Amino acid sequence: MRKLSGVLSVVVLASMFLSACSKEKDVVSSTEKTGKQTVSASGKEVPIKLWIYPMMNGKNGDGNGNPDDWAKEYARQFKEKHPNVNVSVELLDWAGGTEKIDVSIAAGSPPDLVYTINNFGGVTKYGKMGVLEPIDPFLEQADWNDYSEAVKGAMKYKDKTYLWPWLKLVSGIAINMDLFKERNAVDLLPLNRPLRDWTFEEFTKAAQATTFSRSNGSKPDVYGTGVWAKDAPYYMYFNGVANGGNVTNSSFDKTTITDPKFVEGVQFSVDLANKYKVSPPGAAGLTVTNVNDMFLNQQVAMYPSFSNITDQVKKAPKPFEVAFVAPPHGPGQETTAWNNVGGFIAFKQKDEEKKKLVMEFAKFITNTENSKIVKTIAVFPARNSTGNLYGDDPVMSYFDKLSNYGNSLFSRAFGMAPVADWEIEFQANLTGARSVKDSLGNLEKTIQKELK
Amino acid sequence: MRKFNLPTIASVLLLTIWALLLLFPFYWMFLNAFKPTTSVIQTPPDLSWVNLTIGNFKKLTLEPISWAWTFNSFLVAISGMIGNVILCSMAGYAFAKKKFPGKRLIFWFIISIMMTSTQVIMVPLFILIRDMGLLNTYFGLILPILVSPFAVFLTKQFMQTIPGELISSAKMDGCSEWRIFYSIILPISKPVLAIVAIFGFITQWNDFLWPLLATESRDMRTLQVGLASMQLQNVDYGLVLAGSVWTMIPVIVLFVSFQRFFVRGITIGAVKG
């Protein structure tokens with residue numbers, strides 16, 4: 001027991017010592033990072049807390065270094081201009097980041113700036129809670145002129161703007177060309193059309209042609225496409241938009257989720273799995289990562305994805321040729337692409353001087369020059385003034401073209417209902433527990449409540 | 001010599017198959033931790049012992065921050081373990097052998113905490129630790145885990161079975177209260193204390209949510225949280241599996257070393273002595 005007491009004393013003392021060290025170290029490191037005396041108009045030091053997710057490694061995003069290096073580098077550069085500002089960068093993780101933000105809001109101490117992306121529903125969720133700082137007074141006309149309509153759509157909740165847009169991901173359909181060649185089905189793809197657009201019917205035919213048993217068994221082991229209900233069900237609901245519907249009307253005051261166009265589009269997603277059986281079985285339990293892995297493993301011939309899948313394919317067990325086409329659309333509809341916009345939201349500020357500096361820092365990260373860093377993760381900067389970063393790259397040129405057909409209202413409005421609710425309803429559709437119409441009726445109530 | 005009749009052989013066979021099935025995910029994890037990421041996503045799974053590499057572990061261990069995370073995890077888990085053993089055994093003893101007003105009420109209050117989800121208390125706990133100025137410190141990580149209601153319950157149940165005559169005799173011999181606890185109760189309670197220690201270590205070692213909330217800088221993260229933050233948008237499965245093996249090693253060592261206590265721990269409190 002004496003030994004135990006001794007060990008405890010050592011641990012407690014060590015904790016106290018290390019605890020003290022840690023606090024000391026934080027102060028030292030922030031001073032070291034600054035390298036200058038703090039000077040400002042009001043003479044006070046301004047701490048800014050920036051929370052980011054791991055997206056790219058290294059100072060320039062070149063892969064050499066840590067996932068928070070690039071943000072720390074921007075913090076350092078910003079400090080050169082504003083010596084009284086100390087930016088601390090905290091790295092969240094994709095699994096628990098949202099929980100951490102939610103707890104910090106509930107505890108009344110959220111970060112000053114945090115990265116978010118449309119499909120997280122952050123702008124809508126936190127905008128509705130009233131914890132975000134509107135950025136309208138800090139946006140100049142030149143900024144507005146620099147964003148495409150699709151990007152602008154993602155920045156707002158109701159009549160206020162909250163998001164400093166930074167990057168833009170454009171969704172398309174990734175195609176395993178090797179599988180299509182193996183099945184002599186390349187002609188079924190819309191590769192020769194200027195926008196590579198196609199209808200639900202054409203998509204289904206292509207999926208049917210590439211659903212087969214490679215081992216000559218009675219059941220397929222390769223599927224034309226992938227349908228999933230967990231993690232990222234927004235792709236599946238996107239068919240509602242591609243069919244001419246949407247989650248809300250354009251004035252964002254009424255949900256249009258039970259309109260026949262949207263219902264039919266979502267029904268198409270269900271039919272791919274249950275009626276046409278061109279998706280791996282058990283779609284209700286599948287995640288986007290499962291389908292992504294199956295695509296990389298040549299078990300799924302095509303699935304909705306972003307341009308950055310190309311790098312993953314190069315590292316696949318057996319790399320294959322990839323092509324991209326537009327998401328399919330309903331009969332008589334124009335092609336619809338989904339521009340997912342990522343950027344920074346600022347939480348409410350009490351101090352006016354700090355608010356200005358927080359906004360200035362957000363603008364600094366997302367300015368024309370600095371936002372070019374997102375090229376390292378094969379996506380587009382949100383600002384048009386960054387120009388053509390990808391030169392003649394055929395894949396990126398195509399996605400750039402496709403982005404003009406983007407529908408950001410969908411991804412903004414998707415966050416009106418919790419993702420878990422969307423998942424539950426789509427799982428119910430896939431298992432036959434509920435009809436699509438009934439499910440959308442359930443979600444309609446939630447969304448309408450949110451809109452009010 | 002033991003007789004091997006048909007039912008015995010059948011049950012042994014069935015249990016062996018069941019055990020192998022349960023072990024298969026661990027086998028797959030260990031194997032693929034030593035393979036390139038491309039092998040992990042193959043279907044059917046690549047279970048061959050070829051193409052092995054220590055690249056994933058190299059990547060993990062060459063990051064100096066991984067060692068800081070490992071140290072933090074050990075510090076937190078060991079502190080939690082020791083805190084649980086000492087503080088909960090004291091509480092357990094008081095509930096088992098002492099009479100004081102409101103004893104039953106307080107005990108049931110502690111039991112009710114066991115039934116409360118951790119997530120429910122996260123926000124008040126976060127506010128408390130923040131207001132104490134302990135966020136992003138070792139104290140902030142350790143303080144909330146020093147006492148566990150489950151450990152109090154466990155020790156109380158065990159100590160109830162210790163005959164009261166032992167304590168009376170000690171008192172008659174002039175033992176002080178502290179001496180009775182220190183020299184009589186604790187040595188007898190070694191089995192339950194071992195269980196409390198093991199459970200305390202494993203619970204804190206595997207904890208994700210509190211270290212995520214209570215830490216801000218990368219060097220203050222524990223292994224579980226740190227490894228999660230190494231994942232970019234495209235998952236590096238090889239690294240994930242190497243990290244999983246890395247985090248499992250202390251738990252496996254602990255389990256193998258104290259296996260007999262685990263079995264005992266399952267039955268403690270189940271039968272009233």
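Is B:F34 buried, partly exposed or exposed, and why? B:F34 counts as partly exposed because its relative accessibility is 30%, where buried means under 20% relative accessible area, exposed means over 50% and partly exposed lies in between, with a 1.4 Å probe and protein chains only.

This is a predicted model, in which local features need pLDDT of at least 70 and side-chain atom pairs count only at pLDDT 80 or more, while totals for chains, interfaces and linings use all residues. Residues are numbered from 1 along each chain as its sequence is written, chains are lettered from A and ligands numbered from 1 in the order in which they are written, and side-chain values use heavy atoms, without hydrogens and water.

B:F34 is placed in the loop between α1 (6-33) and α2 (37-40) of chain B, the helices being DSSP runs (H or I) of at least four residues, numbered from the N terminus.

Turning to the interface, its extent is summarised below, with contact meaning heavy atoms within 4.5 Å and buried area meaning the accessible area (1.4 Å probe) that two parts lose on being put together, summed over both.

| Interface of chain B and chain A | Value |
|---|---|
| Residues from chain B | 42 residues |
| Residues from chain A | 46 residues |
| Buried area | about 3800 Å² |

Of this buried area, 64% is on carbon and sulfur atoms. The rule finds 1 salt bridge across the interface (a side-chain nitrogen of Lys or Arg within 4 Å of a carboxyl oxygen of Asp or Glu), and B:R221 forms a salt bridge with A:E90, their closest N and O atoms being 3.5 Å apart. The largest share of the side of chain B that touches chain A, 8 residues, comes from α4(B).

Note on methods
Helix = DSSP H or I, 4+ residues; strand = E, 2+ residues; numbered from the N terminus.
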